[in-house]
Amino acid sequence: MTGAGVPVPEHAVLAAAPAAGGRPSVTYRQAGDRCVLVEYGPPELDLRLNFHVLRMLSALGADPPPGLLDAAPGLRSVLLCFDPSRTARTALVDHLHTLHERQPDLSGVTLPSRRVTLPLAFDDTATREAVVRYARTIRPDASNTRGGNNIDYIAAQNGLPGRDALYEAILATEWWTAFTGFAPGLPFLFPLRGPTALSVPKYNPTRAWTPEGAVGIGGPCVAIYPAESPGSYQLFGRTLPVSDVFARNRVFGDDPFLLRAGDRVRFTLCGEEELLELRRQVLEDQYVYRIEDAPLALAAHVRGAVPGGTGHPDGSGRAWAGGEVP
Amino acid sequence: MNHGLRGDAHDEAPELEILVPGVQTTVQDHPGRTGLQARGFFPSGPVDGFAFRAANLLAGNDPRHAGLEITQGGFAARFRCHARAALCGAEGAAPTLGGEPVPLWQTFAVRPGDELVCEAAKGPGFRLYLAVSGGIDVPEVLGSRSVHTLAGIGGVDGRPVLRGDVLPLGRAAEAPLLRLPQSLRPAYHTHWELEVVRGPHGDPGFLTAEGWREFTSRTWRVDLNSDRLGVKLDAHALAWARPDGGVAGGHPSNVLDVSYPVGGVTVIGDVPTVLGPDGPTSGGYTVIATLAHACLWKLGQMRPGRDTVRFREISLAEADALAAHTEFALQRGRLERLEPAGPAGAAAPAAPV
C-alpha cells in the first residue's frame, strides 16, 4: 500500500474534448480503478448522442483495445471495464479517443439495425394485477394507480383526451432500442419516428412485482420486462417474451435476449386472449418472431427529426416529465 | 494405498447434501459472469471475493471452481465423499465438523458422512465461504456457475440452495493441508472504512466541495435492506451543485440513464447505495464514488442493520497498489503448509511468513 500524500484530483474527469467535425464533445471519467465512463455531448435527451454511442461500440468491436473486458452503453455514454494487468488506463483512453476522432459526420453513417414487430395487448389482466397489488400492499393513495391501472394516469399526464389516443400514439411510433440493461435483457426504447412525445413520472416508491412481458413507460422511455421483477415504470400492457435463457423458442437459440441496442420496435394491436395464445405458441416453438434486417441510414434522423434539447420533440416547449409520482 | 482419493471405484459419489440452507446460500464462482454488462448482467460471484478465493486456494482448487456463499451462517451440510474443504469469512459461527471445531482460513479433510455445521454468525463479518476440492459441479450458464436469482440461471436451477439439495462435486486429487497466514487475513470490523475513488459523477459539477467532504467524513449506517444487489445506507441530504437533474428528473441525483460500475456508490434521491455483484447494471442516478476494486470484498462482510461505514478517498495509484497487495496475499505460495493431521485438520504450529 502506498503511504498517504498521493495527491487526489478534485474531479473525476480523466480527459475531455470539445465537439468537432460533426462529432459530439466527449468526457472521460474515472469510474473506480477498473472502469472508465465515457460521456458524449451535453446532458440532453438527444438520440443523436445514442447513435454516436452505438457506432463507437461497433468501432470498439472491430478494433478492441488490449485488456478491454466489457463495454456497456447508456443513453449517451459507454462504460468500459478493463484488466489493469493488460492495459494502462491512459492507453485505453487514448485508444478510445483515436477511435472517436476517426468517426465521420453522423449524416453519412448507416447503423446496423433490425425491425422487430411485437403484438401488444393493452390493459391486460397481468399488468392490472401488478397495479392492484401495488395499491393494496405498498401505496394505496398513489394517483397513478387510480382505477386499478396506470393507463388513465399516463393519458392524463400527457394531456390526451382518453385511452384510445394513448394507444394510437404508442402504436404509431417506431421505437428505438437505445440500450439494454438494468436487469438481464431489459430494452430501453425511445421514440424514433412517429407522433409520440409521451412522458410520465415513475412509481414512487418502487413496485415490488411486475409480470414478465409487461410494457411500461417511465420518463420518455418505454421498457419491456424480460422477467418477473420489481419495477417503477407505469404499465400499459403486455407483449411476448423478450428473453429466454432456455431457448424454448428458436429466436433465442443464439442469444437469450430478443432485443439489442439499435433494434427498432413496432407494436401491433392484439387482444388479450390472442396474446395468451401467441405466448403459448412461443413456448412451444410454433411462433416465429417477426424480425427483419433493416440497417438505419442516419441522414434522415440527424437533422431535427429526433428529440433534441431538453424539451418535447413536439415543439410545444413543455418539459419531459422526469422524476417520480409525487 | 491411501483410503482418501476421491474417484476410487469404491468411493462414494462426490456429493454434498444440504441439511440446513440458512437465510440464503448460493453457488458462486469467481469472477462470475463477466463481459455481459451490455446485456444487463452484473458479474454475480461472491460478494466477498477475497474470502471466496482464499477458501478455493486452501481446498486445492483453481480460482474458477464454484463454492458456496453462506449468508450469516446457520448452515449445515453432509459430505458424501472424501474431500478437502475450507471455510473462510465471518467470525462467530462456531463451525464444527463431526462435532469438532473447524478453524477458519485453513484446509480440513472430510470423510463420507461428516456433517459440517455453522451456527448463526455473531460477527464481525456476515458471510462464510465454503470451498470443497473439485468445486461444485453444476452446469455453466452463460459462462459461469454463479446464481443470478433475478434471471433464474446458474447454481442449482437458478435459485439459492434448499434443504435436501444434493450438490455434485468435481473430482480432485488429494491436496495438502494449508493455512492462510494470520498476517495475510483480512481484518473484520463493526465499523468499516471503504476506500473509494471519486467519480464518475463526483466532481464539483455534481457535488459541492462541502457535499464531498460530508460524504467522506460522515459515519453511515448499513441499512437492514442490504443484500447481494447493493448495500443501502441511511438517507442524508448531500449538498448538490445542481438544483435538479435537468431533463433526467427533478432531483439533483438524477442523470440520463448510464451503465454503472460494480462497487459504484449511487445516490438514489438521498439514499446512497453501494452496488453489489447482482446489482442493476444501469440506471438514472449519479454514481458519486466507486469502491477500489481491492476493497469490494468488504461489502460481503458488512452486517445489515448493525455495522457502520465511512468512506475514505484514495487516488487511482493507491487503488492500484491496494489491488497489488490483495493479489500478493492470494498467491498459492503464501499459504503455510500444515503437518498431516486429523479429520478436523488440527493445526501444527507453523511460522508466519
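Visitor: What kind of peptide bond joins B:His30 and B:Pro31?

Guide: The general idea is that most peptide bonds are trans. Here the bond between B:His30 and B:Pro31 is cis, with an omega of about 5 degrees. A cis bond also joins B:Gly123 and B:Pro124, where omega is about 0 degrees. B:Pro124 belongs to the loop between β9 (115-120) and β10 (127-132) of chain B.

Visitor: How should I read the angle phi?

Guide: Most residues other than glycine have a negative phi. A:Asp123 has a positive value, near 50 degrees, and sits in the loop between β7 (114-122) and α3 (125-137) of chain A. For B:Leu142, phi is likewise positive and near 50 degrees. That residue, B:Leu142, is in the loop between β10 and β11 (166-168) of chain B.

Visitor: Is B:Leu142 buried, partly exposed or exposed?

Guide: A residue is called buried under 20% relative accessible area and exposed over 50%. B:Leu142 has a value of 33%, and therefore counts as partly exposed.

Visitor: Why does B:Arg228 count as buried?

Guide: The relative accessibility of B:Arg228 is 4%, so the residue falls under the 20% limit. B:Arg228 is found in the loop between β14 (220-221) and β15 of chain B. Among the residues it touches, beyond those up to four places away in sequence, are B:Gln24, B:Glu69, B:Arg127 and B:Asp278. From B:Ala172, by contrast, B:Arg228 is 56 residues apart in sequence and 30 Å apart in space, C-alpha to C-alpha.

Visitor: What does chain A look like as a whole?

Guide: Chain A has six helices and 17 strands, and 57% of its 326 residues count as buried. Of its contacts with a separation of 6 or more, 65% are between residues 24 or more positions apart. The accessible surface of chain A is about 13000 Å², and carbon and sulfur atoms hold 53% of it.

Visitor: How is a pocket to be described?

Guide: The largest pocket holds about 1300 Å³ of space. Its lining has 45 residues, and those nearest its centre are A:Phe182, A:Thr206, A:Pro230, B:Ile268 and B:Pro280. β19(B) gives the largest share of that lining, four residues. By class, the lining has 21 nonpolar, 16 polar and eight charged residues. The second largest pocket holds about 1100 Å³ and is lined by 41 residues; B:His30 and B:Pro31 are among those nearest its centre.

Visitor: How many cavities of 30 Å³ or more does the structure hold?

Guide: A cavity is a space in which a probe fits but from which it cannot get out. The structure holds one of 30 Å³ or more, and the volume of the largest cavity is about 40 Å³. Its lining includes B:Phe126, B:Arg127, B:Asp227 and B:Met302. The lining divides into five nonpolar, one polar and two charged residues.

Visitor: Where should the model be read with caution?

Guide: Where pLDDT is low, the predicted coordinates should not be read in detail. Chain B averages a pLDDT of 92, and 93% of its residues score at least 70. Over residues 1-10 of chain B, however, the pLDDT is below 50, although this stretch has 20 contacts beyond near neighbours in sequence. Residues 342-353 of chain B are also below 50, with 27 such contacts in the model. For the complex, the predictor gives an ipTM of 0.91 and a pTM of 0.91.

How values were computed:
Residues are numbered from 1 along each chain as its sequence is written. Chains are lettered from A and ligands numbered from 1 in the order in which they are written. This is a predicted model: local features need pLDDT of at least 70, side-chain atom pairs count only at pLDDT 80 or more; totals for chains, interfaces and linings use all residues. Side-chain values use heavy atoms; hydrogens and water are left out. pLDDT is the predictor's confidence in each residue, from 0 to 100. Contact means heavy atoms within 4.5 Å. Helices (H or I, at least four residues) and strands (E, at least two) are DSSP runs, numbered from the N terminus. Buried means under 20% relative accessible area, exposed over 50%, partly exposed in between (1.4 Å probe, protein chains only). Accessible areas come from the Shrake-Rupley method with a 1.4 Å probe; for residues, only the protein chains shown count as cover. On a 1 Å grid over the protein atoms alone, a cavity is a set of points where a 1.4 Å probe fits but cannot get out, and a pocket is an open set with protein on both sides within 12 Å along at least five of seven lines; lining residues have an atom within 4 Å of a point. Grid points are joined across faces, edges and corners, and a volume is the space filled by probe spheres set on the points. Ala, Val, Leu, Ile, Met, Phe, Trp, Tyr, Cys and Pro count as nonpolar, Asp, Glu, Lys and Arg as charged, and the others, Gly among them, as polar.
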